[in-house]
Amino acid sequence: MSRRFVPVDRRILERNIKARYHAGDIGTEDALNLFDELIQVAGPSSVRAINCLLTVVGSDCPALGVSLFNRVARTKVPPHNVTYGILVDCCCRAGRLDLGHAAMGHVIKLGFTAEAIVNFSHLLKAICAEKKTSYAMDIVLRIMPEFNCVPNIFSYNILFKGLCNEKRSQEALELIQIMVEDGGCCRPDVVTYSTVIDGLLKEGEVDQAYRLFSEMLRQGVSPNIVTCNSIISGMCKLHAMDKAEEVLQQMLDRRILPDVTTYTSLIHGYYSLGQCEEVDRVFKEMPRNGVQPNIITYSIQMDYLCKNGRCTEARKIFDSMISLG
DNA sequence: CTAGGGTTAG
């Protein structure tokens, strides 16, 4: 019998699993049943179908994903690097960073490291979540290169998020400068800048945040609606309304249409400064850009009115909301 | 088949 002979049953099952996975048509229960079925007849060709099933189960219940992996390990199906990637993610999300490290140990032993960039990302994210970003930085800057695994922008962006979460946005700024000056393949992108600008604003550094936003534009990195809303919201919370308006203007210049979140942030900011004329101006501007207030916008408005002895006006808005549905 | 950022209130 040819070694490349794959039993028909197995092949049909594998093909069926992959097709259903790509159609988004496998729930956790289905995946468990299919796994039981497949594992009976599984061979080396089954690993991709197994990866699909592990992904489904693991994203719903990481601990169950780990136990399925252990069942795979007892068969004659050698896991791929990707299988280990799914495993690392399951371990980390199950709160078992120790097992995540152990799984990476297997990846290293099996010589998968050069292609294990995503596996490292899962681990880095979990390490940063434990506020051990310095350790994550050591992995990115020293350990990964030692294993010929070249860190990419994802690796760095995980570090940036970790630094900002630890209120170390100054170090994040320095790292951005190093990446820009290096001019290599790993330049800061929209996620990098958005993350660090957000971190600076959460530390109250309006001027630095605004400077970094300008730097981002100068570097030719385009913001998106999500980026802008984050910046505008942060600036409004710090009562830097002039800066928030400048960012709004930059949005309009770049044909990024403000949405209800953008305007609601501005309205909240102006109310908190007691600048009702500005609030009125924003309310008038919204429909001109095709944006309607939502329940949050009205709640902010009613909150302000009630706290300033204008309950009758608030009541009118409340009633109008009902008639607006 | 596995990876990164964010937003409006109370």
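## Repeats listed in the record

In an unreviewed entry, UniProt lists "repeat: PPR" for residues 80-114, 152-186, 189-223, 224-258, 259-293 and 294-325. The structure shown here is a predicted model, and two of the listed spans can be described from it. Residues 80-114 are 74% helix and 0% strand, with end C-alpha atoms 13 Å apart, while residues 294-325 are 81% helix and 0% strand, with end C-alpha atoms that lie 11 Å apart.

## The nonpolar core

The largest nonpolar core has 108 residues, and those with the most contacts inside it are I17, V196, I197 and L266. Helix 3, which covers residues 47-60, gives this core its largest share, eight residues.

The surroundings of V196 can be listed: leaving aside residues up to four places away in sequence, V196 touches F160, C164, S169, A172, L173, I176 and L212.

Helix 1 runs over residues 8-22, and its 15 residues reach 21 Å from the first C-alpha to the last, close to the 21 Å expected at 1.5 Å a residue. Its buried residues are R10, L13, E14 and I17. Seen down the axis of helix 1, these buried residues fall within an arc of 100 degrees, so they line one face of the helix. An α-helix has 3.6 residues a turn, so residues three or four places apart point the same way.

The buried residues of helix 1 pack against helix 2 (28-41) and helix 3, whereas the face turned away from the buried side carries the exposed residues I12, R15 and H22. Helix 1 is followed by G24, which has a positive phi, near 70 degrees.

Conventions: Residues numbered from 1 in each chain as written. Chains lettered and ligands numbered in written order. Predicted model: local features only at pLDDT ≥ 70, side-chain atom pairs only at ≥ 80, totals over all residues. Heavy atoms only, no water. Core = buried A, V, L, I, M, F, W, Y, C linked by side-chain atoms within 4.5 Å. Buried < 20%, exposed > 50% of the residue type's maximum accessible area, 1.4 Å probe, protein only. Helix = DSSP H or I, 4+ residues; strand = E, 2+ residues; numbered from the N terminus. Contact = heavy atoms within 4.5 Å. Expected span 1.5 Å × (residues − 1). Arc of directions from axis to C-beta. UniProt positions renumbered as here; feature names shortened; annotations may be inferred.
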